[in-house]
Structure formats: C-alpha cells, structure tokens
Amino acid sequence: MDISSWPSDLMYEHWVALQVSGARPSARYKHAAAVVDDKLYIAGGSRNGRYLSDIQVFDLRSLTWSTLKLNVDPNADKSEDNGLQEVLPGTSDHSMIKWENKLLLVGGHSKKYSDAMTVYFINLETLLCGVMETTGKIPVARGGHSVTLVGSKLIVFGGEDRRRKLLNDVHVLDLETMTWSLLEATQTPPAPRFDHSAAVNAERYLFIFGGCSHSIFFNDLHVLDLQTMEWSQPQIQGDLVSPRAGHAGISIDEMWYIVGGGDNSNGCLETLALNMSKLVCSTLTTLKERHPLASEGLSVCSAVIDGEKHLVAFGGYNGKYSNEVFVMKLKPRDSSYPKIFQSPAAAAAAASVTAAYALAKSEKLDFPQIIDLNFNGVENNLSKKDMNIKIDAIKEEKKALELSIEEVRAENSKLREKVDELNSNHTELSKELQSVQGQLISERSRCFKLEAQIAELQKMLESLQSIEKEVQILRRQRSALEQEMELSAAQRQGSGGVWRWIAGGT
C-alpha cells in the first residue's frame, strides 16, 4: 500500500489493516481513543491484568506511531510515596473526549484509589497533563461507563464501581463551570450495566445500546429524551442484532456505527450501522472468524481524510491482544438513492421518461432549426427526403418510448392496487388484533376471577382441614370417654355383686 495514496486505494465499507512503518505500541484492550487533526490518540488500557499509562499517537498520513511525552501540571499534588509527581496513572475502562484544545480522560479503573470519578486533562498545545477540579454531585468512581459530549456537557451513564456494583445512573458535567449534577428521569431506565455504548442524536436523544451485567448480555436499545427527561425502549428495525458487550461505537450525523464486542462464547463479526432517526439497523460488512476486530475492549473513531469519512479502529482482545489499526472508508450518504430508484422497473421508467422528455423537447426546438439550415445553408448536404426519414424514425422511437411509459404506468397502477390491498388487509388485521386483545383482556379478567375463587377455595380447604383435625380430636375424646364409662360401669357392677353375697349370707 502506497503511503501517499492509501486513502484513495480503499474500497468502500471494507475493513483494511494499515501497514504501519516503524515500532508499534503494546497490544492492549479497554483503552480510550480519539482522533484530532489526522492523528489517533490512544490512552492507557490493560494487558495481562496490568494497567497501562502511556499516550500513543498514530499519524494517519505517515502511518507511524509515536509516544506523547507529557508535562506535569505544576499545581498537581506530589506523590506521597517518593515525592515525585505522577503524570498519568495506569487506567483502563475509561473514556476520552476532545474538548477545545484538550483531551479529557473520564473515570476508569486504576490502582490509584479514589471514591469519586476523576477527570484528567491533556493540553494538546502545551502537552500539560493534570486533574480537572470539579464540584457538585460528583459521581462515584467507575469503569466500563459511557461518556457522550452534548454541546458543552458530558453525559455519563452506567458502569461498574470498584466494588463491582453495577450502575444505571446518569450524571452531567458542565464543562463551562466544571460542575457535576445528577439527572433524574422518569419511565423505566435501562438495567444496570457496563461495557455498553452510547451516542447522541440531534443534540437531544441519548442512545444506550448493549452491554452486560455479571450474567446477562444485552442487545436492547434505550433512549433518554434530554428535554422531557423520559426513558423509552424502542424496537430496532432491520437486521437482527445479537447481544454484545465490550463493543465500540461512533456516531456520524444520524448514523451510529457499532463494531466488535461479543459474549462469553463468541465475538461479533458484523459491523452495524444504526440510523438513529429511523431506528433501522443494517450490516455494513461481516468479518471472518477470529478477526482482530471481533474483539472486546477495542476502540473506534471517525476521521475525515481527503474529504471522505472513515472509521478508525484499534486494539481489542479475542483470546489475543491486538495493536493493529484498521480503517473503513464510508460511502458518501448524499450519493445514495432511495430504494425505489434501485429497482429495474423504476430505473427503466425513469430512463423512458427522461428520453421521451428530451425527444419531445428536441422535436419542438431543434428540428425546425435543422430543417431551416438544410434549405437555407449550402454546407449541409442532407436532402429533405433524408431528413423526413430520420424524423419519422425518431417519431417511431418516440411512440415506442410512449408505449413503454404506458406499460410502466400500468405496472405502477397494479402496484398501487396491491398497496391498497395490503393496506386493507392491514386494517382488517388491526381490527382482528384489537378483537383478540379485547378477548385477551376479558380472558385475563376471567382468569383473575378464577384465581380469586381458587384462593377462596384454598382457604376453605385449609379451614376444612382444621375442622377435620378438631373432629378427630373430638372422636378420640369421645372414644376415651366411652372407655372410661364402660370401665366405671364394670366397677359398679362388680361392687354390687359383693354386697348381694353379703346380704344373702345374713
């Protein structure tokens, strides 16, 4: 691949591994990434259980890596151990956002313990690094959360704290005042989760997709309206989306591109494109088994190179750590046509209409001029007879085109009839559905009544069982009483016989 022309050599919507020249950074996953001015910045991550603290920079023009040497903020606290100033602690499961001339590193897991979420900054002009001082309701420290920039505010959702507690809270950091606040929303929020992805559409709707708990992998989509502060869970249309966590996502206009991730068994091979306005998901491409991008903990960013939009992915883990850079050139969305213009019949109709219009226009405007030229000019050698033959041929061609237009119109009429039929069927099915729903409601109320009756019968049965126990006790008492009475009667009979014997002897 030629370094100077590699963007133009790419095919649309295909992942390509860039041929990097020189040394590469350590392979890793659960790092943070951002693209600024044709440079991909990689911060930290994890490898073999070890937190990384380096900042690596990949030049998308020269295809070379370099390490960013940071300067310590003079206002930073000194280390308690050896008095040295720590530039940036090793961190994973964090997020990185570009804000003005800075990179902001938000949250993450680190050996440096903190109860509250920490925000580091890297000034890209001075390479100064330090901690942003924040106030307000600072969220608890966490990793595996999502961070989304909306205007001048960072929105943090979910994640997992140091005690492995799963979270589904929403916090906002105002970057103008560096003040945290907790968002309170209505309706049903997403289940607590981490390693999900998030995006914002139209500066209003916060999208949350996928992620996992400690036992479940999700493929659900939740949307928070940032104006009404209401959660909703719309259904995704289009291609089937499998559950996943540890994936990466990036939004470009109304499109949200999702790469990688997986569950405990398999990595996700498909690269998804979700239209956030229409809630329709499509598969851009499908990777081969064990591809480096079918991994968890990878990153994906967007970059504009030579005027065209690209996805840039790095790192990840699928049984093997990766340090490769992959790019995908996206098709310009303006050049895509609606599906109705992609069918052969519609294309033929469009071509026929265009040709007929052009023919009619030329017959009205151009042909008289040509005829005038034939009679008035000497340079044109065509005779009037030849011109008439050509005009007749063109008229025949026009008739044929008109016939094809009529055929297309007839086909359109049939399609309209089918659409009307489908609409009527849909109406009937809707009525049947309403009827069935009504029956279900009545059956449900009947079930509730039956359950109540069953509960009453169970209570009666329990009372009967207690009565039966009392009856058995009474029977035993009666039997014992009868035995006592028989015994006493026998005793009386025996004593009476003795007295009679004594009386007979006297």
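This is a predicted model: local features need pLDDT of at least 70, side-chain atom pairs count only at pLDDT 80 or more; totals for chains, interfaces and linings use all residues.
The protein chain has 506 residues, of which 38% are buried, and its secondary structure comes to 3 helices and 29 strands.

In soluble globular proteins, nonpolar side chains tend to be buried together. Here the largest nonpolar core has 19 residues, and those touching the most other members are W15, Y257, L293, L311 and L330. The elements that give two or more residues to this core are β23 (248-252), β24 (255-259), β28 (308-314) and β29 (325-329), with β24 giving the most, at 3 residues. Leaving aside neighbours within four places in sequence, L311 is in contact with a list of residues that includes W15, I250, Y257, F326 and L330. A second, separate core of 18 residues includes L18, L63, W65 and I305.

S110 lies in strand β10, which covers residues 109-110. Because its relative accessibility is 11%, under the 20% limit, S110 counts as buried. Beyond neighbours within four places in sequence, S110 is in contact with Y51, P89, G90, T91 and R162. The table lists two backbone atoms that the side chain of S110 reaches.

| Side chain | Backbone atom reached | Distance |
|---|---|---|
| S110 | oxygen of G90 | 2.9 Å |
| S110 | nitrogen of K112 | 3.1 Å |

Conventions. Residues are numbered from 1 along each chain as its sequence is written. Side-chain values use heavy atoms; hydrogens and water are left out. Helices (H or I, at least four residues) and strands (E, at least two) are DSSP runs, numbered from the N terminus. Buried means under 20% relative accessible area, exposed over 50%, partly exposed in between (1.4 Å probe, protein chains only). A polar contact is a pair of N or O atoms within 3.5 Å; within protein, one must be able to donate a hydrogen and the other to accept it, and residues adjacent in sequence count only if both atoms are side-chain atoms. Contact means heavy atoms within 4.5 Å. A nonpolar core is a set of buried Ala, Val, Leu, Ile, Met, Phe, Trp, Tyr and Cys residues joined through side-chain atoms within 4.5 Å.
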